[in-house]
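Dear colleague,

Please find below the structure that I am handing over to you.

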Amino acid sequence: RILVPCLCTAAENSPNVSSLKVATFVSHEDMLPCIRTIAALIESICPEMELSCIVLDGARGGGQKNGNIHLTHVAQLGEGSQFIEDADLVISVNCVTRQSSIGESLSVLRSCMKEGAFLLLLEPSCTLLIPLVLFLFDGQQCPVYDGQQRACGPLCDDMAWVKQLANAGLETVSQKSDNFVFTLYLCKKIQSNPKTLQDIYS
């Protein structure tokens, strides 16, 4: 119920409606069934689709094919960006919070997108104690270097996420929580403001 309207909005308003280039980022390969479900939903909206999946599990390797998904394994989010460019839609599932810097990670995702493209970001939001407990007992997270920008230990609340997204040049179009652990953010890449002379020489 949450995902379908967001996918429809992203697909119907993307710069290239007839043929979508989709990139997904997931934290481990066990999430591939979820990605296949998302792929099926997208194909029902736009049959012409190129789908790449970056798996952040530490095992480096590219060029694999899993069904209709191009699969690449990397250790860090930044490594995955070299395999993706000019995507119409980027989907990131439970990856950004695990990185040492949320701002830098969102900038990496933005760099994979063409102008006007959409980002679907699914992350834990600290509105309850449960997400924090689950996160702390998960050994996959990286050391946190931007703790002052996170609202609840290693996690962000909804307000912090929207602010971080805006700082990375991503406008939040819609957001929806499952009222348990995760919040889904639908964002659009906005054109960066050109630097002024004061910005350049300051």
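This is a predicted model: local features need pLDDT of at least 70, side-chain atom pairs count only at pLDDT 80 or more; totals for chains, interfaces and linings use all residues.

I begin with the aromatic rings. A search of the whole structure finds one aromatic pair. Its members are Trp161 and Tyr185, whose ring centres lie 6.1 Å apart, with 40° between the planes, and the pair is classed as tilted. Trp161 belongs to helix H6 (residues 158–167) and Tyr185 to strand E8 (residues 182–189), so that the pair links distant parts of the chain, 24 residues apart. Are these two residues buried or exposed? Trp161 counts as buried because its relative accessibility is 0%. Tyr185 counts as buried for its own value of 0%.

Strand E7 (residues 170–177) pairs with E8 in the antiparallel sense, over seven bridges.

Finally, I turn to helix H4 (residues 102–111). Which of the residues in H4 are buried? They are Ile102, Ser105, Leu106, Val108, Leu109 and Arg110. For orientation, residues three or four places apart in an α-helix point the same way, because the helix has 3.6 residues a turn. At the start of H4, the backbone nitrogen of Glu104 has a side-chain oxygen of Ser101 within 3.3 Å.

Yours sincerely,
A colleague

Terms used:
Residues are numbered from 1 along each chain as its sequence is written. Side-chain values use heavy atoms; hydrogens and water are left out. Rings of Phe, Tyr and Trp (its six-membered ring) pair if their centres lie within 6.5 Å; planes under 30 degrees apart count as stacked, over 60 as edge-to-face and the rest as tilted. Helices (H or I, at least four residues) and strands (E, at least two) are DSSP runs, numbered from the N terminus. Buried means under 20% relative accessible area, exposed over 50%, partly exposed in between (1.4 Å probe, protein chains only). A polar contact is a pair of N or O atoms within 3.5 Å; within protein, one must be able to donate a hydrogen and the other to accept it, and residues adjacent in sequence count only if both atoms are side-chain atoms. Two strands pair if DSSP finds at least two bridges between them.
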